[in-house]
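Hello,

Here is the structure you are taking over. Please look through it first; my notes follow below.

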Amino acid sequence: DFAHAAALARKTGWDADLPALRQRLIDGGLFDEVEPARAAMQTALDRRDQIEHCHSSQPAPACAVTVRFLYQILRDNPPAQVFAQTLLGFETIARHVMVEINLTSNAVILGVQGKDHPLPEYRRAEVPIALSTDDEGVSRIDLTHEYERAVQEFGLSYSDLKSMARTSLEHAFLPGTSLWPHPDRFTAPVEVCAHQALGAEMPTKA
């Protein structure tokens, strides 16, 4: 429910000094919405478990499906409201969430590119990021194009691009445990894979 966040943002107004704006929103009570938002998600999950009899002796097959949430921000609202919604979502989810970067889409649709793009800030803050194409049919691009743009505009290295590719896999909705012992740190794999060549054609069953 964005109603309180939107009202607070209208009252607070826009300030390009984002740390100061963040503090004013917090002081105005934005974080009062964090726990209710988390509770709303948990209520939805609990209701799903009830409908599918997930904690009974005969759970429905759907109980094996992992449910995840996508947080939507209404970017056509005034900047103060967009920022308030973003901040609320960030605090509700609590960290370690991958941010998808669409360089061409950001440039063409939003006019944000080069030194105005937050990609370097995300990297400095160690936010998990991955490159994506947005809509290939509309933009007439592919993922290779986005990787090339990242190198040309931000001077990213091969290692940087490889890390982003691994990040995209790490945060994908794939089954099984991670190959890495620490989130988004790809320096060494988990113990069971430590003595194998990563990417080998014939990995052991373990």
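Leaving aside its neighbours within four places in sequence, which residues is Thr-167 in contact with? They are Met-98, Pro-128, Ile-129, Asp-184 and Phe-186, where contact means heavy atoms within 4.5 Å.

Some background: this is a predicted model, in which local features need pLDDT of at least 70, side-chain atom pairs count only at pLDDT 80 or more, and totals for chains, interfaces and linings use all residues. Residues are numbered from 1 along each chain as its sequence is written, and side-chain values use heavy atoms, with hydrogens and water left out.

Thr-167 lies in helix α9, residues 158-170 (helices are DSSP runs of H or I, at least four residues, numbered from the N terminus). Thr-167 is buried, at 4% relative accessible area (buried is under 20%, exposed over 50%, partly exposed in between, with a 1.4 Å probe and protein chains only). A polar atom of its side chain lies 2.8 Å from the backbone oxygen of Ser-163.

In helix α4 (residues 79-93), eleven of the 15 residues are buried, so this helix is largely enclosed by the rest of the structure. Its buried residues, among them Phe-83 and Leu-87, pack against α1, α2 and α3.

The whole structure has eight salt bridges (a side-chain nitrogen of Lys or Arg within 4 Å of a carboxyl oxygen of Asp or Glu). One joins Glu-121 to Arg-124, with the closest N and O atoms 2.6 Å apart. Both residues lie in helix α6, about one turn apart. Glu-121 is partly exposed at 49%, while Arg-124 is exposed at 58%.

Regards

Definitions and conventions:
Helix = DSSP H or I, 4+ residues; strand = E, 2+ residues; numbered from the N terminus. Polar contact = N/O pair within 3.5 Å; in protein donor to acceptor, adjacent residues only side chain to side chain. Expected span 1.5 Å × (residues − 1).
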